Amino acid sequence: MSKMYESSGELVNHWYAAGQSKAIKKTKPQLVTIFEKPLVIWRLKDGSLSVMLDRCNHRNAPLSKGRVINDCLVCPYHGWTYNKEGQCVEIPSEGPHSERIPNKKIVSFPVKEAYGLVWVWMGKDKSPNSEPFEMPVMKEQGWHSYYMETKFSNTVTDLVENFMDVPHTVFVHKGWFRDRKQICINAKVERTADSVLVSYDQPNDSIGFSGWLVNPKGLPMKHTDNFYMPNITRVDYIFGENERGFIITSTCTPISPDETMVYTLISYKFGWLTPIAKMGLSAYTRKVINQDVWIMDIHGKNIRKFGETDYHSTQCDFMHLYIESLREHAVKDSKKLSPEPIIKDIEFWV
Ligand code: FES
Ligand SMILES: [Fe+2]
(Lines give C-alpha, C1' and ligand atoms only; values in the text may rest on other atoms or scores of the structure.)
(Ligands and ions follow the chains in the order given, each with its own letter.)
Protein backbone atom coordinates (compact mmCIF):
# COMPACT_ATOMS: atom_id res chain seq x y z
CA MET A 1 0.00 0.00 0.00
CA SER A 2 1.04 3.54 -0.78
CA LYS A 3 3.36 3.21 -3.72
CA MET A 4 4.10 6.89 -3.34
CA TYR A 5 5.42 6.42 0.19
CA GLU A 6 7.63 3.50 -0.82
CA SER A 7 9.07 5.34 -3.82
CA SER A 8 9.82 8.65 -2.09
CA GLY A 9 13.20 7.67 -0.60
CA GLU A 10 14.56 10.10 1.96
CA LEU A 11 11.72 12.56 1.38
CA VAL A 12 9.64 10.71 3.97
CA ASN A 13 12.23 11.30 6.71
CA HIS A 14 10.89 14.73 7.63
CA TRP A 15 8.16 16.47 9.58
CA TYR A 16 5.06 17.20 7.52
CA ALA A 17 2.29 19.61 8.47
CA ALA A 18 -0.97 17.72 8.98
CA GLY A 19 -3.30 20.57 9.89
CA GLN A 20 -3.72 23.56 12.11
CA SER A 21 -3.64 22.76 15.84
CA LYS A 22 -6.96 24.48 16.37
CA ALA A 23 -8.67 22.11 13.91
CA ILE A 24 -7.90 18.96 15.95
CA LYS A 25 -10.54 18.91 18.66
CA LYS A 26 -10.60 16.63 21.71
CA THR A 27 -13.66 14.66 20.71
CA LYS A 28 -13.32 14.24 16.99
CA PRO A 29 -10.66 12.12 15.32
CA GLN A 30 -9.54 13.46 11.98
CA LEU A 31 -8.40 11.81 8.75
CA VAL A 32 -5.29 13.23 7.07
CA THR A 33 -3.61 11.62 4.07
CA ILE A 34 0.14 12.06 3.63
CA PHE A 35 2.15 10.24 0.90
CA GLU A 36 -1.08 8.32 0.18
CA LYS A 37 -1.11 6.99 3.73
CA PRO A 38 -4.45 7.56 5.49
CA LEU A 39 -3.71 8.64 9.07
CA VAL A 40 -6.00 9.30 11.99
CA ILE A 41 -5.10 12.17 14.30
CA TRP A 42 -6.80 12.44 17.66
CA ARG A 43 -6.37 14.39 20.86
CA LEU A 44 -6.33 13.15 24.46
CA LYS A 45 -7.70 14.91 27.54
CA ASP A 46 -4.30 16.36 28.46
CA GLY A 47 -4.12 17.96 25.02
CA SER A 48 -1.49 15.58 23.63
CA LEU A 49 -1.97 14.02 20.21
CA SER A 50 -1.79 10.55 18.76
CA VAL A 51 -1.31 9.73 15.06
CA MET A 52 -1.70 6.23 13.65
CA LEU A 53 -2.70 4.47 10.46
CA ASP A 54 -6.41 4.96 9.88
CA ARG A 55 -7.15 1.26 9.89
CA CYS A 56 -8.57 -1.00 12.55
CA ASN A 57 -6.65 -4.24 13.13
CA HIS A 58 -9.90 -6.22 13.23
CA ARG A 59 -11.49 -5.64 9.78
CA ASN A 60 -9.84 -2.46 8.47
CA ALA A 61 -12.65 -0.02 9.30
CA PRO A 62 -11.48 3.62 9.36
CA LEU A 63 -10.79 4.68 12.93
CA SER A 64 -11.16 8.33 11.89
CA LYS A 65 -14.92 7.66 11.76
CA GLY A 66 -14.86 6.39 15.35
CA ARG A 67 -14.97 8.19 18.68
CA VAL A 68 -12.55 9.20 21.40
CA ILE A 69 -13.69 7.83 24.78
CA ASN A 70 -11.55 7.97 27.95
CA ASP A 71 -8.37 8.74 26.04
CA CYS A 72 -8.89 5.78 23.73
CA LEU A 73 -9.97 5.59 20.11
CA VAL A 74 -12.99 3.36 19.55
CA CYS A 75 -13.55 1.74 16.15
CA PRO A 76 -16.97 2.57 14.68
CA TYR A 77 -17.59 -1.01 13.47
CA HIS A 78 -17.29 -3.44 16.42
CA GLY A 79 -15.87 -1.16 19.07
CA TRP A 80 -12.29 -2.38 19.32
CA THR A 81 -10.64 0.21 21.52
CA TYR A 82 -7.07 1.49 21.10
CA ASN A 83 -4.79 3.50 23.35
CA LYS A 84 -2.50 6.31 22.11
CA GLU A 85 0.28 3.86 21.25
CA GLY A 86 -2.06 1.96 18.94
CA GLN A 87 -2.39 -1.04 21.28
CA CYS A 88 -5.88 -2.56 21.46
CA VAL A 89 -7.04 -2.49 25.10
CA GLU A 90 -10.58 -3.73 24.73
CA ILE A 91 -12.55 -6.03 22.42
CA PRO A 92 -16.23 -5.84 23.39
CA SER A 93 -17.08 -9.24 21.86
CA GLU A 94 -14.45 -10.94 24.06
CA GLY A 95 -16.19 -9.83 27.25
CA PRO A 96 -13.84 -10.07 30.25
CA HIS A 97 -11.15 -12.04 28.35
CA SER A 98 -8.52 -9.37 28.00
CA GLU A 99 -5.91 -12.14 27.53
CA ARG A 100 -7.46 -12.75 24.09
CA ILE A 101 -6.55 -9.27 22.86
CA PRO A 102 -3.84 -9.55 20.18
CA ASN A 103 -0.53 -8.02 21.09
CA LYS A 104 -0.18 -6.16 17.79
CA LYS A 105 -0.11 -2.40 17.63
CA ILE A 106 -1.41 -0.22 14.86
CA VAL A 107 1.56 1.62 13.34
CA SER A 108 1.83 5.05 14.96
CA PHE A 109 3.81 8.13 13.99
CA PRO A 110 5.66 10.75 16.06
CA VAL A 111 3.70 14.00 16.29
CA LYS A 112 4.49 17.53 17.46
CA GLU A 113 2.70 20.83 17.69
CA ALA A 114 4.60 23.98 16.85
CA TYR A 115 3.82 27.38 15.31
CA GLY A 116 0.09 26.65 15.27
CA LEU A 117 0.49 23.49 13.20
CA VAL A 118 0.42 19.76 13.86
CA TRP A 119 3.52 18.09 12.40
CA VAL A 120 3.83 14.35 11.74
CA TRP A 121 7.16 12.58 11.33
CA MET A 122 6.68 10.33 8.29
CA GLY A 123 10.01 8.48 8.55
CA LYS A 124 9.73 4.71 8.53
CA ASP A 125 13.11 3.48 9.69
CA LYS A 126 14.48 6.69 11.15
CA SER A 127 13.17 8.37 14.24
CA PRO A 128 13.05 12.18 14.26
CA ASN A 129 16.51 13.74 13.92
CA SER A 130 15.30 17.31 13.42
CA GLU A 131 12.67 19.78 14.58
CA PRO A 132 9.75 21.04 12.49
CA PHE A 133 10.64 24.04 10.33
CA GLU A 134 10.58 27.28 12.28
CA MET A 135 7.77 29.38 10.85
CA PRO A 136 9.07 32.96 10.85
CA VAL A 137 8.48 36.04 12.99
CA MET A 138 5.49 34.64 14.88
CA LYS A 139 6.69 36.10 18.15
CA GLU A 140 8.38 39.23 16.84
CA GLN A 141 6.98 42.58 17.74
CA GLY A 142 4.92 44.42 15.15
CA TRP A 143 4.24 41.31 13.08
CA HIS A 144 0.83 39.71 12.61
CA SER A 145 0.12 36.47 10.81
CA TYR A 146 -2.51 33.99 9.71
CA TYR A 147 -2.58 30.63 7.96
CA MET A 148 -4.26 29.74 4.72
CA GLU A 149 -4.97 26.13 3.73
CA THR A 150 -5.08 25.32 0.05
CA LYS A 151 -5.33 22.06 -1.83
CA PHE A 152 -3.46 22.04 -5.15
CA SER A 153 -3.63 19.49 -7.98
CA ASN A 154 0.10 19.20 -8.56
CA THR A 155 3.28 17.83 -7.01
CA VAL A 156 5.36 19.29 -4.18
CA THR A 157 8.24 19.93 -6.61
CA ASP A 158 6.09 21.91 -9.04
CA LEU A 159 4.47 23.86 -6.22
CA VAL A 160 7.66 24.94 -4.47
CA GLU A 161 8.97 26.00 -7.87
CA ASN A 162 5.86 28.07 -8.45
CA PHE A 163 6.17 29.73 -5.03
CA MET A 164 9.79 30.65 -5.88
CA ASP A 165 9.01 31.87 -9.38
CA VAL A 166 9.04 35.56 -10.28
CA PRO A 167 8.37 35.67 -14.06
CA HIS A 168 4.91 34.07 -13.76
CA THR A 169 3.73 36.88 -11.49
CA VAL A 170 3.30 39.32 -14.40
CA PHE A 171 1.16 36.79 -16.27
CA VAL A 172 -0.76 34.67 -13.76
CA HIS A 173 -1.15 37.55 -11.27
CA LYS A 174 -1.31 40.38 -13.80
CA GLY A 175 -2.79 43.47 -12.20
CA TRP A 176 -2.81 41.79 -8.78
CA PHE A 177 0.75 41.24 -7.69
CA ARG A 178 3.12 42.71 -10.22
CA ASP A 179 2.66 44.31 -13.63
CA ARG A 180 4.85 43.80 -16.63
CA LYS A 181 7.31 46.64 -17.08
CA GLN A 182 10.22 44.83 -18.73
CA ILE A 183 12.62 45.83 -15.99
CA CYS A 184 15.85 43.92 -15.61
CA ILE A 185 16.24 41.96 -12.40
CA ASN A 186 19.57 40.68 -11.12
CA ALA A 187 19.73 37.96 -8.53
CA LYS A 188 22.13 35.63 -6.79
CA VAL A 189 21.09 31.98 -6.64
CA GLU A 190 22.79 29.64 -4.21
CA ARG A 191 22.36 25.92 -3.68
CA THR A 192 23.55 24.44 -0.39
CA ALA A 193 23.25 20.80 0.71
CA ASP A 194 19.63 21.31 1.71
CA SER A 195 18.42 24.70 0.49
CA VAL A 196 18.18 27.02 -2.49
CA LEU A 197 18.57 30.69 -1.60
CA VAL A 198 17.76 33.50 -3.99
CA SER A 199 18.40 37.16 -3.23
CA TYR A 200 17.16 39.79 -5.63
CA ASP A 201 18.69 43.10 -6.37
CA GLN A 202 15.55 45.14 -7.02
CA PRO A 203 15.35 47.95 -4.46
CA ASN A 204 12.93 49.90 -6.67
CA ASP A 205 10.55 47.09 -7.57
CA SER A 206 7.05 47.18 -6.11
CA ILE A 207 4.56 44.46 -5.28
CA GLY A 208 1.05 44.11 -4.05
CA PHE A 209 -2.24 45.82 -4.27
CA SER A 210 -1.46 49.21 -2.83
CA GLY A 211 1.85 50.92 -2.32
CA TRP A 212 0.35 53.15 0.35
CA LEU A 213 -0.33 50.17 2.56
CA VAL A 214 2.69 48.00 1.88
CA ASN A 215 5.31 50.68 1.40
CA PRO A 216 3.94 54.25 1.65
CA LYS A 217 7.31 55.89 2.11
CA GLY A 218 8.81 54.15 -0.89
CA LEU A 219 11.56 52.55 1.21
CA PRO A 220 14.02 50.30 -0.61
CA MET A 221 12.80 46.72 -0.84
CA LYS A 222 14.82 43.60 -0.01
CA HIS A 223 13.45 40.50 -1.67
CA THR A 224 14.63 36.96 -0.96
CA ASP A 225 13.10 33.64 -2.01
CA ASN A 226 14.35 30.63 -0.09
CA PHE A 227 13.62 26.94 -0.45
CA TYR A 228 14.35 24.53 2.39
CA MET A 229 14.37 20.78 1.87
CA PRO A 230 12.21 19.04 1.30
CA ASN A 231 9.03 21.09 0.99
CA ILE A 232 9.21 24.65 2.35
CA THR A 233 9.48 28.04 0.71
CA ARG A 234 9.89 31.38 2.40
CA VAL A 235 9.46 34.58 0.38
CA ASP A 236 10.44 37.83 2.12
CA TYR A 237 9.76 41.41 1.08
CA ILE A 238 11.34 43.67 3.66
CA PHE A 239 11.15 47.46 3.38
CA GLY A 240 13.79 49.76 4.82
CA GLU A 241 15.58 48.45 7.88
CA ASN A 242 12.88 45.94 8.82
CA GLU A 243 10.38 48.80 9.16
CA ARG A 244 7.73 47.02 7.18
CA GLY A 245 7.48 43.63 5.65
CA PHE A 246 5.49 40.90 4.05
CA ILE A 247 6.59 37.23 4.34
CA ILE A 248 4.93 34.24 2.72
CA THR A 249 5.98 30.86 4.12
CA SER A 250 4.52 27.75 2.53
CA THR A 251 4.84 24.19 3.74
CA CYS A 252 3.69 21.52 1.29
CA THR A 253 2.27 18.17 2.38
CA PRO A 254 1.95 15.55 -0.38
CA ILE A 255 -1.43 13.80 -0.35
CA SER A 256 -1.00 11.70 -3.51
CA PRO A 257 1.20 11.92 -6.64
CA ASP A 258 -0.97 14.73 -7.99
CA GLU A 259 -2.47 16.38 -4.93
CA THR A 260 -0.73 18.51 -2.32
CA MET A 261 -2.00 20.37 0.72
CA VAL A 262 -0.30 23.70 1.34
CA TYR A 263 -0.29 25.59 4.62
CA THR A 264 0.66 29.19 3.89
CA LEU A 265 1.66 31.48 6.71
CA ILE A 266 1.12 35.11 5.75
CA SER A 267 3.14 37.40 8.03
CA TYR A 268 2.91 41.18 7.76
CA LYS A 269 4.13 44.30 9.43
CA PHE A 270 2.53 47.45 8.05
CA GLY A 271 3.12 49.93 10.86
CA TRP A 272 0.02 51.49 12.38
CA LEU A 273 -2.14 50.01 9.62
CA THR A 274 -1.26 46.43 10.66
CA PRO A 275 -4.41 45.75 12.73
CA ILE A 276 -6.78 46.90 9.99
CA ALA A 277 -4.85 45.28 7.17
CA LYS A 278 -6.04 41.75 7.94
CA MET A 279 -9.43 41.82 6.22
CA GLY A 280 -8.27 43.24 2.94
CA LEU A 281 -5.14 41.14 3.05
CA SER A 282 -6.89 37.80 3.53
CA ALA A 283 -9.19 38.45 0.55
CA TYR A 284 -6.19 39.57 -1.49
CA THR A 285 -3.97 36.59 -0.61
CA ARG A 286 -6.86 34.19 -1.29
CA LYS A 287 -7.36 35.72 -4.73
CA VAL A 288 -3.64 35.47 -5.58
CA ILE A 289 -3.30 31.89 -4.28
CA ASN A 290 -6.37 30.83 -6.27
CA GLN A 291 -4.68 32.12 -9.42
CA ASP A 292 -1.78 29.77 -8.62
CA VAL A 293 -4.24 26.93 -7.89
CA TRP A 294 -5.57 27.40 -11.42
CA ILE A 295 -2.21 27.47 -13.21
CA MET A 296 -0.86 24.56 -11.12
CA ASP A 297 -3.95 22.54 -11.96
CA ILE A 298 -3.72 22.94 -15.75
CA HIS A 299 0.09 22.67 -15.66
CA GLY A 300 -0.06 19.41 -13.66
CA LYS A 301 -2.72 17.94 -15.95
CA ASN A 302 -0.59 18.65 -18.99
CA ILE A 303 2.54 17.15 -17.45
CA ARG A 304 0.56 13.99 -16.76
CA LYS A 305 -0.97 14.02 -20.24
CA PHE A 306 2.43 14.17 -21.95
CA GLY A 307 4.11 11.94 -19.40
CA GLU A 308 7.56 13.48 -19.91
CA THR A 309 9.28 16.70 -19.05
CA ASP A 310 11.59 17.78 -21.81
CA TYR A 311 11.99 21.29 -20.42
CA HIS A 312 13.88 24.23 -21.80
CA SER A 313 15.33 26.45 -19.07
CA THR A 314 16.52 30.04 -18.98
CA GLN A 315 18.52 31.96 -16.35
CA CYS A 316 15.45 32.58 -14.23
CA ASP A 317 14.93 28.81 -13.99
CA PHE A 318 18.21 28.06 -12.20
CA MET A 319 16.49 27.97 -8.81
CA HIS A 320 14.02 25.45 -10.19
CA LEU A 321 16.79 23.22 -11.54
CA TYR A 322 18.53 23.36 -8.17
CA ILE A 323 15.33 22.48 -6.31
CA GLU A 324 14.76 19.55 -8.66
CA SER A 325 18.34 18.35 -8.16
CA LEU A 326 18.00 18.35 -4.34
CA ARG A 327 14.62 16.64 -4.31
CA GLU A 328 15.62 14.07 -6.92
CA HIS A 329 18.78 13.33 -4.99
CA ALA A 330 16.71 12.66 -1.86
CA VAL A 331 14.50 10.24 -3.79
CA LYS A 332 17.11 8.41 -5.83
CA ASP A 333 20.67 8.58 -4.61
CA SER A 334 20.64 9.72 -1.05
CA LYS A 335 23.48 7.31 -0.31
CA LYS A 336 25.72 9.45 -2.53
CA LEU A 337 26.88 12.96 -1.60
CA SER A 338 24.35 15.69 -2.19
CA PRO A 339 24.81 17.95 -5.25
CA GLU A 340 27.74 20.37 -5.01
CA PRO A 341 27.14 23.77 -3.43
CA ILE A 342 26.96 26.39 -6.14
CA ILE A 343 26.40 30.15 -6.51
CA LYS A 344 25.26 31.80 -9.74
CA ASP A 345 24.45 35.34 -10.73
CA ILE A 346 21.46 35.61 -13.02
CA GLU A 347 19.54 38.31 -14.85
CA PHE A 348 16.07 38.30 -16.35
CA TRP A 349 13.28 40.73 -17.23
CA VAL A 350 9.80 41.09 -15.81
S1 FES B 1 -13.36 -3.33 12.08
FE2 FES B 1 -12.82 -2.25 13.82
S3 FES B 1 -13.78 -3.28 15.39
FE4 FES B 1 -14.25 -4.46 13.67
FE1 LIG C 1 2.05 32.76 -8.04
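Contact here means heavy atoms within 4.5 Å. With that in hand, here are some notes on the model.

1. **Ground rules.** This is a predicted model, in which local features need pLDDT of at least 70, side-chain atom pairs count only at pLDDT 80 or more, and totals for chains, interfaces and linings use all residues. Residues are numbered from 1 along each chain as its sequence is written, chains are lettered from A and ligands numbered from 1 in the order in which they are written, and side-chain values use heavy atoms, with hydrogens and water left out.

2. **S21.** Beyond its neighbours within four places in sequence, S21 touches R43, E113, G116, L117 and V118. You will find S21 in the loop between strand 1 and strand 2; helices (H or I, at least four residues) and strands (E, at least two) are DSSP runs numbered from the N terminus. S21 has a relative accessible area of 17% and is therefore buried. The cut-offs are under 20% for buried, over 50% for exposed and partly exposed in between, using a 1.4 Å probe and protein chains only.

3. **Y16 and F35.** The structure has 11 aromatic pairs, where rings of Phe, Tyr and Trp (its six-membered ring) pair if their centres lie within 6.5 Å, and planes under 30 degrees apart count as stacked, over 60 as edge-to-face and the rest as tilted. One of them is the edge-to-face pair of Y16 and F35, at 5.2 Å centre to centre with 85° between the planes. This pair links distant parts of the chain: Y16 sits in strand 1 (residues 15-20), while F35 is 19 residues away in the loop between strand 2 (30-34) and strand 3 (37-43). Both Y16 and F35 are buried. Elsewhere, Y146, Y237, F246, Y268 and F270 make up one aromatic cluster.

4. **Helix 2 against helix 6.** Two packed helices are described by the angle between their axes and the distance between the axes. For helix 2 (residues 156-163) and helix 6, the angle is about 150° and the axes are 10 Å apart. Axes are lines fitted to C-alpha atoms, for helices over the stretch in contact, and angles run from 0 to 180 degrees between N-to-C directions. The two helices are therefore roughly antiparallel (over 145 degrees; under 35 is roughly parallel, 65 to 115 roughly perpendicular, the rest oblique). On the helix 2 side, V156, T157, V160 and E161 meet H320, I323, E324 and R327 of helix 6.

5. **V331.** Helix 6 (residues 318-332) also holds V331, which is partly exposed at a relative accessible area of 32%. Setting aside neighbours within four places in sequence, V331 contacts S7, S8, G9 and L11. V331 and V12 are 319 residues apart in sequence, yet 9.2 Å apart in space, C-alpha to C-alpha.

6. **Backbone spots to check by eye.** Most residues other than glycine have a negative phi, and most peptide bonds are trans. Y115, not a glycine, has a positive phi of about 55°; Y115 lies in the loop between strand 10 (111-114) and strand 11 (117-121) and is partly exposed, at 28%. V137 likewise has a positive phi, near 45°, in the loop between strand 11 and strand 12 (144-152), and V137 counts as buried at 14% relative accessibility. Finally, M229 and P230 are joined by a cis peptide bond with omega of about -5°, and P230 is in the loop between strand 15 (221-228) and strand 16 (232-239).
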